[in-house]
Amino acid sequence: MAKLKSAFFCQNCGSQFAKWQGQCTSCKEWNTIVEELISKPEKSDWKSTTTVKTKNAKPLLIHEIDSAKEARLDTFDGEFNRVLGGGLVPGSLTLLGGEPGIGKSTLCLQIALKLPYKTLYVSGEESQKQIKMRAERINPINDTCFILTETKTQHIFKQIEALQPDIVVIDSIQTLQSDYIESSAGSISQVKECTTELIKFAKETNTPVILIGHITKDGNIAGPKILEHMVDTVLHFEGDRNHVFRILRANKNRFGSTNELGIYEMQGSGLREVSNPSEILISKKDEELSGNAIAATLEGARPLMIEVQALVSTAVYGTPQRSATGFNAKRLNMLLAVLEKRAGFRLGAKDVFLNITGGITVDDPAIDLAVVAAILSSNEDEALQSDFCFAAEVGLSGEIRPVQRVEQRIIEAEKLGFSTIFVSKYNKITIKPKAIKIQLISKIEDVVNYLV
């Protein structure tokens, strides 16, 4: 073992320094530099402990490279495949982050139990008996999933050499420890070293690896930011533990889109895929209530119908409150200003609260018109027709602006039984649906006259 050395690392970006300093010169953050013990031999490679066969790369001219689409491994989970872009790419490293108890381990174990390929599930947080108890609830019959409880990467690679798995799942990267680094598990140097060893293994053996990562109180993945740059895909598992629905998003994806969305429902037997999220995002009501409007939005290639709720009331205190859940508060203030300036509604002395149901966050400008309709409905205390929906952006001058892929939104609204959809007059619509009326509008005054 080499002589122990200490170095200083930035907890935010992972930069290394010879001595402590108050501000990191790389990311400009203050008080993020900590001291760690390091002792690294010349060879810090996963291959130093294993004899796994690897592929030798050689340079090729660009026209010699095979341009055929890379085959993906089907995870047999439609929502997970959708977010990844079609499945796991061989040799890729996928990082899955989320709050404690949200269901990260359940999701990965559920996928591992579904796969017909030989899968190694490595856990540094739970015992084999704990994993067995959860697996019996999810899928008690499986002959291809192997469970290993280990934290040292050198021991893990020895088991990989003996087993030769097709997919490796690590739960979690913060619990792994390499013999080449003297610092404790979860430290910046350990996370970087263990991830580097796993990247080399994945790329040289063409084996996909899924890493589970912890997150900080700010919602970011714990460890140095460089960890997210090292992996191929960064997924976030979101949701409220008090609600049953979970949302899977891609923050980074080298092999697909980052706009896709996966929705799951937490049940006693695991996570159920929600193939038609519009049904769960629109509440079932016995009577029509004021302040509710339905918006047709898009998440990646998937159209969604979501419910927008608004509450307008007289301000009790001097300064009116403006609160938005699941929607940009600054955009809400802008829409209120447009309503006051262009439509003559005096909302400056009223509290306005806005909520997107289902616990999701939407940044699609196409829900502007639904927000306006919900505010008008609450202000007048008159319910909108439950079979109305909206898909348009509102401009500062009060014009109703067109949105992209409006025909896909119309088809989804028609499929779910809506009778009328309000869209911009300037949208180019070539389809002629039979069961839904397309109401074309050009100004916010038209909306007010139609609804109020």
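Let me start with Asp166, which sits in the loop between α4 (153–163) and β7 (167–171). Before going on: what you see above is a predicted model.

Is Asp166 buried, partly exposed or exposed? Asp166 has a relative accessible area of 38%, so it counts as partly exposed. Setting aside neighbours within four places in sequence, Asp166 is in contact with Leu73, Tyr117, Lys118, Thr207 and Pro208. As for Ser105, it lies 61 residues from Asp166 along the chain, and the C-alpha atoms of the two are separated by 19 Å.

With a relative accessible area of 45%, Gln164 is partly exposed. Its backbone deserves a look: phi of Gln164 is near 55 degrees, which is a positive value in a residue other than glycine. Asn31 gives us another case, with phi near 55 degrees, again positive and again not in a glycine. You will find Asn31 in the loop between β2 (16–17) and β3 (33–38). Asn31 counts as exposed because its relative accessibility is 60%, and the cut-off for exposed is over 50%.

Why point these out? Because most residues other than glycine have a negative phi, and most peptide bonds are trans. Which peptide bond is cis, with omega near 5 degrees? That is the bond from Asp171 to Ser172. Ser172 belongs to the loop between β7 and α5 (188–205).

Next, some strands. Take β20, residues 420–424. How many of its 5 residues are buried? The count is 5 of 5, and the strand is described as mostly covered. β20 has a partner in β17, residues 388–391; the two run parallel and are joined by 4 bridges. Within that pairing, Cys389 stands opposite Ile421 of β20. β20 also pairs with β21, residues 437–441, in the parallel sense, over 5 bridges. There, Val423 has Leu440 in β21 as its bridge partner.

Go past the end of β21 and you reach Ser442, in the loop between β21 and α11 (444–451). Buried or exposed? Ser442 counts as buried, because its relative accessibility is 14% and the cut-off for buried is under 20%. The side chain of Ser442 makes a polar contact of 3.3 Å with the side chain of Asp446. Leaving out residues up to four places away in sequence, Ser442 touches Gly398, Glu399, Ile400, Lys425 and Tyr426.

Now the cysteines. Cys194 is buried, since its relative accessible area is 0%. Cys24 also counts as buried, because its relative accessibility is 0%.

Last topic: empty space. Rolling a probe the size of a water molecule over the atoms shows where such space is left. How many cavities of 30 Å³ or more does the structure hold? There is 1. The largest cavity has a volume of about 40 Å³. Its lining is made up of Arg72, Leu84, Gly87, Leu88, Val89, Ser92, Thr94, Thr233 and Phe255.

Then there is the largest pocket, which holds about 410 Å³ of space. Its lining has 22 residues, and the ones nearest the centre are Ile282, Ser283, Lys285, Ile294 and Ser386. Which elements each supply at least two residues of that lining? They are α7 (278–281), β13 (292–299) and β17. β13 gives the most, with 3 residues.

The largest pocket takes part of its lining from β17. That is where I stop.

Key
Residues numbered from 1 in each chain as written. Predicted model: local features only at pLDDT ≥ 70, side-chain atom pairs only at ≥ 80, totals over all residues. Heavy atoms only, no water. Buried < 20%, exposed > 50% of the residue type's maximum accessible area, 1.4 Å probe, protein only. Pairing = 2+ DSSP bridges. Polar contact = N/O pair within 3.5 Å; in protein donor to acceptor, adjacent residues only side chain to side chain. Contact = heavy atoms within 4.5 Å. 1 Å grid on protein atoms, 1.4 Å probe; cavity = no way out; pocket = protein on both sides within 12 Å on 5 of 7 lines; lining within 4 Å. Points joined across faces, edges and corners; volume = space filled by probe spheres on them.
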